[in-house]
Every structure is written in C-alpha cells, then in structure tokens.
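Dear colleague,

I am passing on the structure we spoke about, and my notes on it follow directly below. Please read them with the coordinates open.

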Amino acid sequence: MQITVKQAPENHRRQRPKSGEKLGFGNLFSDHMFLMDYTSGKGWENARIVPYGPISLDPSAMVLHYGQEIFEGMKAYYARDGAVCLFRPDRNAERMNRSAARMCLPEIPVEDQLAALRGLVRLDREWIPKDEGASLYIRPTMIATEAGLGVRPSAEVLYFIITGPVGAYYPRGFDPVRILVEEQYVRAAKGGVGEAKTGGNYAASLLAAKNAKALGFDQVLWLDAGQRSFVEEVGTMNIFFLLGGELVTPPLSGSILPGVTRDTVLTLAREWKIPVAERPVEIDEVMKGAADGTLSEAFGSGTAAVISPVGSFSCRGREVAVNGGKAGELAVRLFREITGIQYGEIEDRHRWIHRVE
Ligand code: COI
C-alpha cells in the first residue's frame with residue numbers, strides 16, 4: 001500500500017500538552033490523520049496522511065442515517081528505551097475486519113491497517129505523552145459514505161485514523177468504581193451486533209449510563225437480553241470475577257465484545273497458574289459472593305482503562321461492597337504487568353509489542 005503524506009504547515013500545528021499537564025480522555029487530537037477511500041468494484045485506494053481536520057459528508061451519507069460504522073481503540077507508548085510501541089495492534093486489526101464483516105463493510109488487509117497505524121504514529125510521535133500512565137490513543141474508524149437513503153450496504157466507504165494524547169480513562173484513575181446492575185435496558189442480544197465494535201452499541205448504552213450516573217454510580221453492569229440473569233459486560237469493558245479463587249469471565253457467546261485486554265488478562269492468569277473459567281455467571285452468584293466474601297475481586301478490562309477495579313455492585317436496591325471497596329491484589333498485579341509490558345519495563349514474552357521504527 002502506497003501512502004501519500006501531506007504534512008501540516010508549522011503555523012497550523014496544534015498546541016501539544018505540556019509534561020505534567022492533566023490529560024483527560026479523548027479531548028485532544030494530534031496534527032495528522034490517515035484516510036483511505038473504498039468504492040465497490042474498485043476496492044481501497046488513495047491512502048493518505050493529511051493534516052487533522054473536518055471531513056465533508058453528504059447529508060444523506062448512509063452512516064448518518066443507519067449507523068453503518070465500526071471503530072477500534074488502541075494505544076501507542078514511549079517505551080523506557082525511547083522506542084515507540086503499539087500493544088497487540090494485529091488483534092485490533094483482525095477484530096476490525098470481523099466487525100466489518102458483520103456490518104457489511106469492506107475488510108482491510110491486516111498488514112495495510114498496521115502500515116497505516118505505523119505511518120501515522122511515526123509522523124505524530126511527538127504527540128505521545130511521556131508522563132507515567134499516559135499514552136497516545138488511536139481511533140481507527142470506518143463509515144458508510146455513499147449518499148442515499150436506501151437501506152442497503154453502502155458502495156462507498158471511508159476509513160480514517162485519528163490519534164490523541166490521553167491520561168487515565170476514569171478521572172479517579174485506578175480507584176474502584178461503583179456499579180449499578182442494569183435490569184431494564186440491555187446492551188446487546190445474541191444474534192445482534194454486540195460482538196462488533198460498532199457505534200450503535202455505545203449509543204444504545206448511553207441512557208442506562210446516564211441514569212446510573214444520576215444515581216451516583218460510575219457505570220452499569222449489563223445483563224443478558226433473554227433472562228436478565230447472566231452478566232455480560234461492565235460499562236464499555238469486559239468483566240472479570242475472582243470467585244472462590246477462580247478467575248471467571250462470561251464466554252464470548254455472540255453478544256459480548258471480544259476484548260484484546262480480556263484476552264491478555266486470560267493469558268496472564270493462565271500463566272500465573274490461576275484457575276480460569278470462561279463460563280456464564282449469574283448476577284445472583286455475584287451478589288451472593290460479594291456478600292459472603294467468596295467474590296474476592298471484580299474488575300473491568302479494556303484498552304482505555306486497562307484494568308478498572310469494582311468497589312461495589314448495587315442490585316435491586318441493595319449495594320454490596322467487593323473486597324471492602326478496595327482494589328484487589330489480582331487487579332493491581334494485572335494492571336502493573338500489562339502496563340509494565342506496554343511501557344517496556346517488563347519483558348514482552350508474548351511478542352505483544354510492535355515497535356514503530
Ligand atoms: C475500551 O476500553 O477499549 C473502549 O472501547 C472504550 C472506548 C469506547 C472509550
């Protein structure tokens with residue numbers, strides 16, 4: 001794939017955050033973006049890196065009406081030795097293609113996705129923050145751009161990648177979160193699009209999250225659409241429970257996002273000889289375990305927050321603390337191990353790190 005590059009003129013460069021400046025999540029964007037166009041019959045063409053800026057769409061562009069859209073999330077880091085690193089970007093690229101297949105969008109060869117990522121991150125490497133815990137968040141996105149209101153797969157598609165410096169995903173960092181068990185709304189149903197990373201899943205989650213926040217909770221725990229008995233995900237993350245010494249997470253049964261961090265957690269736990277089970281988990285088992293102490297830890301996993309400990313679950317008006325409301329040992333160990341590998345402080349035994357040369 002040939003990528004043409006048009007650099008932003010010096011006087012149009014954006015103000016980069018200073019070292020020590022508090023970074024939120026997703027509010028700042030770097031100087032450049034990657035774009036590539038698809039037309040049915042012609043395939044992908046015109047791969048280019050250009051100055052970051054607005055894109056123009058016909059008001060009838062299909063994405064605006066029927067939500068034919070997918071995205072990914074990953075991060076670039078400065079390793080200890082000064083190298084620029086990506087964490088398991090091949091996994092994100094593969095998932096992008098699975099999401100594409102589900103949403104009738106065209107796939108992009110994994111190698112081409114990686115070349116686009118490397119080209120963009122290399123050019124904007126000065127935007128990667130060097131402060132502890134900070135990174136450059138990368139958001140590859142694909143949208144249906146054909147003009148027209150017919151409900152059918154778009155014949156024209158735009159793939160773009162934007163990046164921006166981020167700090168901790170939650171303003172309170174690694175502090176345990178208060179979770180409300182959501183019993184009215186569902187995130188996804190089997191046979192739906194829950195395992196695709198598509199914007200509609202996140203739009204569908206907003207009302208429940210808004211209601212939970214109004215009640216003082218940080219996020220919701222999603223239950224299955226059929227019976228409202230089984231746990232699915234927490235907020236925008238996969239969920240793990242340490243139950244009776246076994247690390248348990250719901251299986252990827254169609255309505256759950258196959259998280260890259262989820263897979264990383266499972267791999268590390270198995271290596272550490274922690275018993276691991278991917279099996280259905282009933283909310284009653286969670287609440288009972290939290291009350292009697294068999295549930296010693298619960299945490300979410302995702303690219304943005306990495307590991308997010310759960311301090312309590314509230315279900316049917318009853319709130320029960322997990323591990324006394326404190327982050328558990330395993331959550332801390334996983335967070336340190338994963339971020340240690342990402343920042344090149346811990347040996348990368350699994351070849352998860354891709355260096356951007
Ligand atoms: C992630 O943690 O990987 C996410 O997808 C969260 C993002 C939607 C902000």
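K273 sits in the loop between α5 (260-271) and β14 (276-278), and in this predicted model its phi is positive, about 65°, although the residue is not a glycine. With a relative accessibility of 71%, which is over the 50% cut-off, K273 counts as exposed. N323 also has a positive phi, in this case of about 50°, and is likewise not a glycine; the residue is placed in the loop between β17 (318-321) and α7 (329-342), and at 33% relative accessibility N323 counts as partly exposed.

The ligand comes next. Around the ligand are F25, R139, Y169, K197, Y202, T236, G302, T303 and A304, a shell that divides into four nonpolar, three polar and two charged residues. K197 places a polar side-chain atom 2.6 Å from an oxygen atom of the ligand, whereas T303 contributes a backbone N or O atom that lies 3.0 Å from an oxygen atom of the ligand, and a polar backbone atom of A304 is likewise 3.0 Å from a ligand oxygen atom. Taken alone, the ligand exposes 280 Å², and the protein buries 90% of that area.

On the charged pairs, the structure holds 20 salt bridges, and I describe some of them here. Side chains of opposite charge can pair when their charged atoms come close. D263 forms a salt bridge with R91, with the closest N and O atoms 3.6 Å apart; because D263 lies in helix α5 and R91 in helix α2 (residues 89-102), the pair ties together parts that are 172 residues apart in sequence.

The side chains of R279 and E285 meet at 2.9 Å, N to O, and each residue is partly exposed, R279 at 25% relative accessibility and E285 at 30%. E45 pairs with K42, the closest N and O atoms being 3.5 Å apart; here E45 is partly exposed, with a relative accessible area of 33%, while K42, at 59%, counts as exposed.

Where is S30 placed, and does it count as buried or exposed? S30 lies in the loop between β1 (4-5) and β2 (32-39), and at 0% relative accessibility, under the 20% cut-off, S30 counts as buried. S30 and I128 are 98 residues apart in sequence, and their C-alpha atoms are 9.1 Å apart in space.

Finally, on the surface, I55, L57 and L64 form a nonpolar patch with about 240 Å² of accessible area together. Of these residues, L64 is placed in helix α1 (residues 62-66) and is exposed, with a relative accessible area of 52%.

Technical notes. Residues numbered from 1 in each chain as written. Predicted model: local features only at pLDDT ≥ 70, side-chain atom pairs only at ≥ 80, totals over all residues. Heavy atoms only, no water. Patch = residues over 30% accessible without salt bridge, like charges linked within 9 Å, V, L, I, M, F, W, Y side chains within 5 Å. Areas by Shrake-Rupley, 256 points an atom, 1.4 Å probe, with all protein chains shown as cover. Salt bridge = Lys/Arg side-chain N within 4 Å of Asp/Glu carboxyl O. Helix = DSSP H or I, 4+ residues; strand = E, 2+ residues; numbered from the N terminus. Buried < 20%, exposed > 50% of the residue type's maximum accessible area, 1.4 Å probe, protein only. Near = heavy atom within 4 Å. Polar contact = N/O pair within 3.5 Å; in protein donor to acceptor, adjacent residues only side chain to side chain. Nonpolar A, V, L, I, M, F, W, Y, C, P; charged D, E, K, R; others polar.
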